[in-house]
Amino acid sequence: MGESVSLTGMVIRATASGEADRRLVILTRERGKITAFARGAKRPGSSLMGASRPFVFGTFRLYEGREAYSLQGAEISNYFQEISADMEAACYGSYFLEMADYYGRENLEATAFLTLLYQSLRALLKPAIPNCLVRRIFELKAMVLNGEYTEHPDRKVSDSANYAWEFVVATPPQSLYQFTLTEEVLAEFSACVEDNLRRYIDRHFHSLDILKAMEGG
């Protein structure tokens, strides 16, 4: 028989299911990536409507079924509404959610990746840190957490770019976003992260098409 559980996590995907329901993919701290159905979440006035959107972070009360969970309720601590209202931030954030979906695994705790995802979305709201730098830090650390990275950049780079790489590799997710780079060093750092992406990731992320257009290629 199923049981009721409370899991901390973030909605990384939400799609319609029938006329009134939503199918959610949630990255949870305790059980990794799970699928949950929010019954009636599309109906006006539903108590589940607010908890059934991408970027929502909190504690989800779920009933565990044989093949999926049913969402019973949630205590939301961050809706990340500012991201949804900003086109550029929303594109970056959607890419981060896609990456979390790619790397997420069922029944495998995801504390570190969930922390990375949460802190990276928060960093998108900090004007002092360029979104393009947030992206590259997120990408590299995501690969580090999954063991798909090189200890040092594959190409010859400046000391500053090499230090940035080593900092991201060694620093816990909650403490990553503490530096900025000059345009020149960021270009070097970005090229090195791109090398790693080509080597280790074989998925096309739809959000990247929009991001590349925004960044000019």
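This is a predicted model: local features need pLDDT of at least 70, side-chain atom pairs count only at pLDDT 80 or more; totals for chains, interfaces and linings use all residues.
Strand β3 is mostly covered, with seven of its seven residues buried. On one side, β3 pairs with strand β2 in the antiparallel sense, and seven bridges link the two. Together, β2 and β3 make a hairpin in which three residues lie between the strands. One of the bridges can be picked out by eye: threonine 28 has glycine 32 in β3 as its bridge partner.

Strand β3 (residues 32-38) is also joined to strand β5 (residues 69-78), here by two bridges, and these two strands run parallel. Within this part of the model, alanine 36 stands opposite tyrosine 69 in β5. The next residue to look at is serine 70, which is likewise found in strand β5. Serine 70 counts as buried because its relative accessibility is 18%, and buried means under 20%. Which residues does serine 70 contact, once its neighbours within four places in sequence are left aside? They are Phe37, Arg39, Arg61, Leu62 and Tyr63.

Stepping back, the pairings belong to a wider arrangement.

The angle at which α3 and α4 pack is about 180°, and their axes are 10 Å apart. This makes α3 roughly antiparallel to α4. On the α3 side, the contact is made by Ala112, Phe113, Leu116, Leu117, Ser120 and Ala123, which meet Val134, Phe138, Lys141, Ala142 and Leu145 in α4. Sorted by class, the contact of α3 with α4 has nine nonpolar, one polar and one charged residues.

Helix α4 (residues 131-145) packs with helix α6 (residues 183-200) at an angle of about 40°, their axes being 10 Å apart. The two helices, α4 and α6, are therefore oblique to each other. What is the handedness of the crossing of α4 and α6? The crossing is left-handed. Here, Cys132, Leu133, Arg135, Arg136, Ile137, Glu139, Leu140 and Met143 in α4 meet a set of α6 residues that includes Leu186, Phe189, Ser190 and Val193. Also on the α6 side of this contact are Glu194, Asn196, Leu197 and Tyr200. By class, the contact of α4 with α6 has 10 nonpolar, two polar and four charged residues.

Technical notes: Residues are numbered from 1 along each chain as its sequence is written. Side-chain values use heavy atoms; hydrogens and water are left out. Axes are lines fitted to C-alpha atoms, for helices over the stretch in contact, and angles run from 0 to 180 degrees between N-to-C directions. Helices (H or I, at least four residues) and strands (E, at least two) are DSSP runs, numbered from the N terminus. Angles under 35 degrees count as roughly parallel, over 145 as roughly antiparallel, 65 to 115 as roughly perpendicular and the rest as oblique. A crossing is left-handed if the near helix is turned anticlockwise from the far one by less than a right angle, and right-handed if clockwise. Contact means heavy atoms within 4.5 Å. Ala, Val, Leu, Ile, Met, Phe, Trp, Tyr, Cys and Pro count as nonpolar, Asp, Glu, Lys and Arg as charged, and the others, Gly among them, as polar. Two strands pair if DSSP finds at least two bridges between them. Buried means under 20% relative accessible area, exposed over 50%, partly exposed in between (1.4 Å probe, protein chains only).
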